[in-house]
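I opened my notebook to look through one structure, a piece at a time. These are my entries, in the order I made them.

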Amino acid sequence: MLKSSLKQNVSHTWRNICSAKPIVNAGCAKLIGDGSSSSFWFDKWLNEKPIADLVDADIPVHLRGAKVSDFTTTSGGWDWSKLAFLPWAITDQISLVGVMPGCLDRVFWSASPSGEFTVSSAYN
């Protein structure tokens with residue numbers, strides 16, 4: 001649903017569900033497993049905002065499609081040499097995120113302690 005587009009001849013119910021997309025997108029974040037399916041720059045995996053929103057400089061074109069896993073080692077640690085261009089405040093936050101090789105990244109609902117979406121948590 002989050003990546004779907006609204007076609008012209010859809011039901012009123014689906015149109016209403018799709019109208020909630022901005023709320024759902026705002027509350028979703030990524031829990032990093034191996035980092036292979038999470039955008040380093042544009043997914044919310046580090047903070048309440050994507051890293052792209054936290055840096056003042058433009059993201060180099062060749063790095064825009066980078067995944068979180070592109071900045072890790074094969075043993076699951078961070079490759080600090082690849083992160084040296086980032087401000088210290090961001091790399092300090094990155095150091096708190098564990099990478100789990102062999103585990104999938106997953107989306108969670110940040111407005112709920114369990115990470116699961118509920119209608120009541122969306123209204124809060």
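Predicted model: local features only at pLDDT ≥ 70, side-chain atom pairs only at ≥ 80, totals over all residues.

**Entry 1: Cys-28.** I started with Cys-28. Is it buried or exposed? Its relative accessible area is 15%. The cut-off for buried is under 20%, so Cys-28 counts as buried. I found this residue in strand 1. I then looked up a distance. Cys-28 and Lys-44 are 16 residues apart along the chain, and their C-alpha atoms are separated by 7.7 Å.

Entry 2: The mean pLDDT of the protein is 86. I also wrote down that 90% of its residues reach 70 or more. Where is confidence lowest, and where is it highest? The lowest is helix 5, residues 119–123, with a mean of 67. The highest is helix 4, residues 88–94, at 95.

**Entry 3: the overall layout.** I looked up the secondary structure and found 5 helices and 2 strands. Along the sequence, the pattern reads α-α-β-α-α-β-α. The protein has 124 residues, and 34% of them are buried. For contacts between residues at least 6 apart in sequence, 51% join residues at least 24 apart.

**Entry 4: Ser-38.** Next I went to a loop. Ser-38 sits in the one between strand 1 (28–31) and helix 3 (51–54). I looked up its relative accessible area and found 0%, so Ser-38 is buried. Which side chain does the side chain of Ser-38 meet in a polar contact? I found Asp-105, at 2.8 Å. I then listed what Ser-38 touches, leaving out residues up to four places away in sequence. The list includes Lys-30, Ile-32, Asp-43 and Asp-105. Ala-66, Lys-67 and Val-68 are on it as well.

**Entry 5: the nonpolar core.** I ended with the largest nonpolar core, which has 20 residues. Which of them touch the most other members? I wrote down Phe-40, Trp-41, Trp-45, Ile-51, Trp-78, Leu-86 and Ile-94. Helix 3 and helix 4 each supply at least two residues of this core.

**Entry 6: Trp-78.** I set aside its neighbours within four places in sequence. Among its contacts are Trp-45, Val-68, Phe-71 and Ile-94. Thr-72, Thr-73, Leu-83, Val-97 and Val-99 are also in contact with Trp-78.

Conventions. Residues numbered from 1 in each chain as written. Heavy atoms only, no water. Helix = DSSP H or I, 4+ residues; strand = E, 2+ residues; numbered from the N terminus. Buried < 20%, exposed > 50% of the residue type's maximum accessible area, 1.4 Å probe, protein only. Polar contact = N/O pair within 3.5 Å; in protein donor to acceptor, adjacent residues only side chain to side chain. Contact = heavy atoms within 4.5 Å. pLDDT = per-residue confidence, 0-100. Core = buried A, V, L, I, M, F, W, Y, C linked by side-chain atoms within 4.5 Å.
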